[in-house]
Each structure stands twice: as C-alpha cells, then as structure tokens.
Amino acid sequence: MSMQSGASTIDPGEVAKFEAMAAEWWDPVGKFRPLHMMNPCRLDYIAAQIAAEFGRDRSAPTPFAGLRLLDIGCGGGLLSEPMARLGADVVGADAAGGNIAVARLHAEQSGLAIDYRHTAAESLAAAGERFDVVLALEVIEHVADPPAFMAACRDLLRPGGLMIASTINRTARSFAMAIVGAEWVLRWLPKGTHDWRRFVTPDEMAGLMRGAGLDPVDRKGMVFDPLRAEWRLSARDLAVNYTAAAVRRAT
Amino acid sequence: MDIRADVLIVGGGLNGPALALALAQAGFTVALVDRLAHETRLDPGFDGRAYALALASRRLFEALGLWPVLAPESQPILDIHVTDGRPGEGAAPWFLHFDHAEIEEGPMGHMLEDRHLRRVLLATMQAEPGIAQIAPAEVVVQEVGPAGVTLTLGDGRRLEGRVLVGADGRGSGTAARAGIARTGWDYGQTGLVCAVEHELPHGGCAHQFFMPAGPLAILPLKGNRSSIVWTERSALAAEVSAMSDADYLATLRPRFGDFLGAIRLAGARSSYPLSLSIAHSFVAPRLALLGDAAHGVHPIAGQGLNLGLRDVAALAEVLLEARRRGEDIGAADVLARYQRWRRWDAVSLALGMDAVNRLFSNDNPLLRAVRDLGLGAVNALPGVRRRFIREAAGLSGDVPRLMQGRGP
C-alpha cells in the first residue's frame with residue numbers, strides 16, 4: 001500500500017486521535033450509521049447520473065476515469081472513496097479540519113489517491129478550480145447563504161458540468177421523521193443536527209439552481225424501507241430526503 | 001505479494017468454481033486455492049454421485065454459459081413421488097405426487113452427475129483469464145487488515161485480496177481461522193450412494209421413500225439408470241458398505257422394489273456420514289462463507305448444492321452491485337447484505353430438513369399415521385402442492401438475478 005504525502009506531516013499524537021475518529025467514521029453500525037445506511041442509495045443515484053450525463057459504461061472497471069470530481073462536505077470520505085474507486089480524479093473538501101485528517105488517513109489505508117483539502121467551496125471557486133462533477137450531499141441545509149453557495153458550485157463547474165445535491169424537504173413529515181424520529185426518538189443523529197426551518201423544498205432547490213445558472217435535470221426521493229432496513233430511490237416520494245441533479249449551462 | 005486479486009476463494013469443490021466464474025465474468029479478478037490437485041478432481045471414476053439441480057440452479061448455469069455443455073448430460077425430472085414405506089411392505093396408501101405440469105416453468109429440475117459438472121466447471125475456469133487457480137495448496141495463515149486480506153500458503157506463497165470467500169466445506173478451515181464457531185450434530189445415519197442400471201425406463205420420475213431407518217431416493221439419470229441415495233443407521237450402513245456387490249444389491253432390492261424391473265450396479269459405491277453443521281455467522285471482517293462452509297444440511301431433497309449455488313448467485317450479485325457503486329467490496333456493510341439475504345433461508349431450510357428427517361426416520365405407528373395424513377393433505381391441496389414444487393425448484397423467496405435468467 002502506497003504512503004501518501006501529507007499524512008506524514010501530522011503529529012503522532014494527533015494521528016492516534018484521528019485513527020480513532022476514522023474508525024468511528026467508517027464503522028457501519030457506529031455513530032455515522034445513518035450515513036452508511038443511506039450511502040448505497042446515494043451512490044446509486046450519483047453513479048447513474050454521472051454515467052448518463054457523460055455517457056459512461058457502468059460495467060467498465062473504472063467508468064469515471066478522466067472526470068474531475070469535487071466532493072463538498074466530504075466528511076470521512078464516504079462518497080470520495082467510492083468515486084475514486086470508479087476512476088474519478090477526486091478532490092474532497094470539508095470545513096472541519098478533523099474530517100480532512102480522518103479522510104486522508106482512511107484513503108491511505110484503502111490505497112486510494114484522493115486530494116483532500118481543508119477548505120470551503122467559495123475559496124476553491126475563488127482560486128479558479130474547475131470540475132466536471134460537483135457533489136454537495138447533505139450540505140445545503142447547513143450553509144448560511146444558500147444562493148451564494150449555489151453560485152460557488154456553478155463557478156466550480158466547467159460548462160456542461162454536473163451538480164448533484166441532496167437535502168431534506170421542509171414538510172410536516174420531514175419534521176416528524178428527520179427531527180422527532182431521527183434525532184429525538186431513534187437517536188440516529190445528535191439533537192440539534194438539523195434545523196427544520198433551514199430545510200429546502202425540491203422547488204426551492206430547483207429555484208436556487210436556476211438562479212445560479214444551472215439547469216435541473218433530475219430529482220428523486222430517498223425513502224427508508226423499514227422492512228428491508230435499507231434506503232431506496234423513489235420517483236414520487238420526495239417528502240423527506242431527496243436528491244437533485246443540474247447541469248451548468250454551456251454559455 | 002505473489003498474487004493479487006479482488007476476491008480470494010478457498011475451496012475448489014463446486015460452489016467455489018461457480019463463484020469464481022460468476023465473478024470473473026463480471027470483471028473481477030479471482031484467485032482460487034484448492035487443497036486437491038486438478039487430476040484428483042477430474043478423476044473419471046464414477047462414484048455414483050449426482051445432483052438434483054433445481055430450476056434456479058439451472059438458470060445460474062445458463063447465465064454462466066455452462067448449460068449448453070451440461071444439458072446433454074442432464075436428465076429432466078418430470079415427476080416426483082414421495083412415499084412412506086417399510087421394506088417389503090410397499091407404499092403407504094397416502095403419498096405425495098408432484099408433477100411438473102403444475103408449474104409453468106417446465107421440468108422442476110435436472111439430474112446431473114457429479115463427474116460431468118465437475119469437469120465442465122474446471123475446464124471453463126481454466127479458460128477464464130480472470131481466474132488464477134492455485135492447486136494443490138493449503139492455506140496456513142489468514143490475516144485481515146484494514147483494506148484487505150492476506151493468505152499464506154504451505155509453500156510460502158502469499159496472496160492478497162479485498163475479500164476472502166470460504167467455500168471449503170463443512171470442516172471449513174477458513175471459518176475456523178476466522179474464529180467462527182459452528183453448531184451441529186451427527187444424525188447417526190450414513191448415506192449410501194450408488195448408481196444402478198434398470199430394465200425398465202424411469203420416465204423422468206424421481207422417487208423418495210421415507211423408510212424407518214432414513215429416506216431412500218431414486219433419482220433418474222440419462223438412459224435406464226438411476227442414482228440411489230440410501231440412508232441407513234450408521235452401524236448397518238457400515239455393514240452394507242463392507243458387503244460384496246452381490247450382497248449389497250440383495251440388501252437394496254427389497255427396499256428398492258421391482259417397479260423398474262431387474263437392477264444391477266453401474267459404477268462404484270460410496271458412502272458418507274450425515275451431519276448438520278451451521279456456522280454461527282456467514283460473514284466476518286473481509287470474509288464470507290458459502291455452501292457447506294456456511295450450512296452443511298441433511299441431503300434430503302438434494303438441497304445442499306442448490307442452497308450453495310443460491311449463496312453463489314447472491315454473493316456475486318452483492319459484490320457486483322457494490323463495485324458498480326464504488327464501494328469497498330470487503331466492507332462490513334457490504335458483506336452484511338449477503339448475510340442478511342442468505343442466512344435466514346439457509347438456516348430455516350437446514351432446520352426444516354432436519355425436522356422432516358426426524359419425523360420420517362421413525363417407525364412409531366402414531367408418527368407414521370400423522371405423516372401419512374400430512375402427506376395426503378399436501379397432496380389433496382393443489383395450492384400447497386404448487387408451493388412445495390416452487391420451493392423445490394428454488395423459485396420462492398428473493399431470487400438472485402443470476403437465477404432469474406438475467407445477467408448479474
């Protein structure tokens with residue numbers, strides 16, 4: 001397994017701490033269980049949208065080779081690593097420095113070359129970075145200025161590039177499920193993880209995208225199936241979790 | 001590292017090669033470690049062993065491109081007769097009769113001799129560039145790391161993969177090295193296996209007689225031949241095994257009956273003790289068990305290979321789906337999907353077969369009356385009977401894509 005430069009500059013005491021955090025991030029039944037459970041469904045959506053937009057054959061071993069992809073709010077790398085395995089040239093960005101150290105350490109263990117950066121979308125855009133795909137999953141409900149964030153995402157895309165976002169709808173059901181259910185009753189997420197008032201409806205999402213010069217091309221609900229204990233995509237039910245894709249206009 | 005592959009498989013019986021083919025055809029690289037040399041596996045000596053391939057298993061072989069070669073060697077099963085009997089007494093008045101015309105999918109299964117299946121699997125594997133076969137070889141060390149698994153062989157060679165599959169039978173060393181405990185028991189019964197030639201045609205009909213000592217299955221092979229699986233208490237089985245061919249046949253004849261005319265042995269005889277052995281978990285970090293390594297069942301209704309092939313199809317589908325998403329194919333949550341899918345099915349079937357055997361391997365007159373009524377009741381209700389047929393054909397439950405006649 002190849003050592004990656006960067007990880008070696010961290011102080012050894014910090015490494016032990018990050019190793020513990022990495023184990024936590026990547027434990028499918030630990031603290032980040034909700035994300036792990038939702039991940040296959042999110043990955044199915046992302047992979048299908050990228051393959052469709054860029055005409056890639058998903059049965060190839062590395063179908064996304066040659067595509068430059070940015071994962072905003074990459075956390076421990078739950079999306080960045082799969083995208084790198086599918087051949088994409090991945091940059092993972094997170095505003096939390098701890099997450100970046102964790103993600104670097106895990107990618108190194110997995111033998112994956114991923115460029116993780118402790119930075120924000122706006123700074124990357126200002127530095128003139130350009131990508132074929134920008135992912136912002138479970139991010140927009142946490143940003144202070146959604147229109148400005150969406151504009152930064154547009155700036156990060158090459159013309160014709162693909163943006164994929166996911167978030168939680170602002171409905172009575174999403175209050176019951178995401179706040180009361182997930183935070184108060186099931187304790188899947190710490191209390192206060194989400195502020196219901198910041199949730200974005202699918203139409204508001206489409207409005208934000210259009211306003212930034214992105215054309216919405218698809219949206220799907222993500223629904224938890226309690227019998228199979230897994231998430232699946234739904235064309236009709238966008239009342240709680242959903243994901244949306246948009247393309248940057250060529251001009 | 002001497003060999004690197006996506007998937008390492010330990011065990012070169014039938015399930016291991018079937019999985020290797022399914023994975024290699026889907027684009028994975030595979031290394032298969034077999035304890036036995038090819039020449040041993042290919043020994044043409046016919047030991048009479050044959051499998052009742054369920055329809056779902058045939059579909060898996062179709063998906064793997066093996067069926068065109070296997071079909072000419074296979075005998076379709078058109079009818080199944082299940083009877084309760086005692087030697088010399090003939091069949092009880094109540095019996096079960098399953099006819100393939102009752103389900104729309106065609107024959108409920110095919111009889112295929114072990115020697116043909118083995119030869120075709122090995123030859124196809126050899127022609128597959130994505131598979132590295134390592135045989136004969138013994139695994140001595142098995143180490144699991146954060147991103148992969150490493151095997152060290154007896155000759156010092158080292159193999160590295162993302163995930164390890166134990167297809168090494170009920171005494172699975174792979175499971176033992178991973179610390180997976182097993183539950184099981186001996187039945188005190190032994191399966192006597194042979195093939196017979198008979199005077200009259202079998203008409204594609206399979207027979208299962210439930211005798212006090214254990215079930216006797218007469219399964220149609222190509223031509224006027226049938227495969228016999230004859231279960232006896234182990235002490236008696238040892239005596240029967242030691243007999244000359246003539247005495248052996250003389251002992252078999254009254255149990256067999258004369259409905260196929262005169263019989264004589266075709267090929268060698270073999271025997272194996274029956275036991276149930278279930279692994280406490282089908283998965284461990286970067287490890288999945290399948291076939292007998294996960295669940296060694298009683299061979300009633302020939303479900304052992306069919307169950308194993310269902311594991312093969314399910315595991316191949318789970319791994320392929322994970323790769324298409326870019327997931328780590330050896331990650332705990334990926335392997336957990338395989339276990340969730342297969343464990344209930346395999347364990348419930350194993351215990352169900354165990355219960356059936358306990359109910360039928362008994363000469364208690366009350367139990368005999370109960371089971372005769374039960375068989376009669378199943379036979380009298382077409383809906384129930386169709387469910388049994390579909391179950392036996394492997395068409396019930398969550399069927400893997402490779403067994404639905406579709407690509408993975």
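User: Why is helix 1 of chain B said to be largely enclosed by the rest of the structure?

Analyst: A residue is buried if 20 or more other C-beta atoms, placed from the backbone, lie within 10 Å of its own, exposed if 12 or fewer do, and partly exposed in between. By that rule 11 of the 11 residues of helix 1 of chain B are buried, so the helix is largely enclosed by the rest of the structure. The buried residues run from B:Asn15 to B:Gln25 and include B:Gly16, B:Pro17 and B:Leu21. Residues are numbered from 1 along each chain as its sequence is written, while chains are lettered from A and ligands numbered from 1 in the order in which they are written.

User: What does helix 1 of chain B lie across?

Analyst: Helix 1 (residues 15-25) of chain B lies across strand 2, strand 3, strand 9 and strand 13 (163-166) of chain B, and it runs at about 170° to strand 3 of chain B. The angle is taken between N-to-C directions on a scale from 0 to 180 degrees, with axes fitted to C-alpha atoms, for helices over the stretch in contact. Helices (H or I, at least four residues) and strands (E, at least two) are DSSP runs numbered from the N terminus. Just after this helix, B:Gly27 takes a positive phi of about 100°.

User: How do you know that strand 2 and strand 3 of chain B pair?

Analyst: Two strands pair if DSSP finds at least two bridges between them, and 4 bridges join strand 2 (residues 7-10) to strand 3 (residues 30-33) of chain B, the two running parallel. One of the residues involved is B:Val7, whose bridge partner in strand 3 of chain B is B:Val30.

User: What makes strand 9 and strand 20 of chain B the edges of their sheet?

Analyst: The open sheet has 6 strands in the order 9-3-2-13-21-20 (chain B), with mixed pairing. Strand 9 (131-134) and strand 20 (283-284) of chain B each have a single partner strand, so one side of each is left without a neighbour in the sheet.

User: Why is B:Arg286 called buried, and why is B:Arg182 called partly exposed?

Analyst: B:Arg286 has 27 C-beta neighbours inside 10 Å and therefore counts as buried; this residue lies in the loop between strand 20 and strand 21 (287-289) of chain B, and has a positive phi of about 60° although it is not a glycine. B:Arg182, in strand 14 (residues 182-198) of chain B, has 18 such neighbours and therefore counts as partly exposed. Leaving aside neighbours within four places in sequence, B:Arg182 is in contact (C-beta atoms, placed from the backbone, within 7 Å) with B:Ser277, B:Ile278, B:Ala279 and B:His280.

User: Why is A:Trp184 called exposed, and why is A:Glu138 called buried?

Analyst: A:Trp184, which is found in helix 7 (residues 172-185) of chain A, has 10 other C-beta atoms within 10 Å and is therefore exposed. A:Glu138 has 21 other C-beta atoms within 10 Å and is therefore buried; this residue lies in the loop between strand 4 (131-137) and helix 6 (146-156) of chain A, and shows a positive phi of about 55° although it is not a glycine.

User: How do you know whether the radius of gyration of chain A agrees with that of a compact globule?

Analyst: The radius is taken over C-alpha atoms, and the globule rule is 2.2 Å times the number of residues to the power 0.38. For 251 residues a compact globule would have a radius near 18 Å, and chain A has 18 Å, which agrees. Buried residues make up 44% of the 251 residues in chain A.

User: How confident is the predictor in chain A, and where is the pLDDT below 50?

Analyst: Chain A averages a pLDDT of 89, with 94% of the residues scoring at least 70. Over residues 1-10 of chain A the pLDDT is below 50, although this stretch has 15 contacts in the model beyond near neighbours in sequence. Where pLDDT is low, the predicted coordinates should not be read in detail. Chain B averages 84, with 78% of the residues scoring at least 70, and the complex is given an ipTM of 0.87 and a pTM of 0.87.

Key. This is a predicted model: local features need pLDDT of at least 70, side-chain atom pairs count only at pLDDT 80 or more; totals for chains, interfaces and linings use all residues. pLDDT is the predictor's confidence in each residue, from 0 to 100. Two residues are in contact if their C-beta atoms, placed from the backbone, lie within 7 Å.
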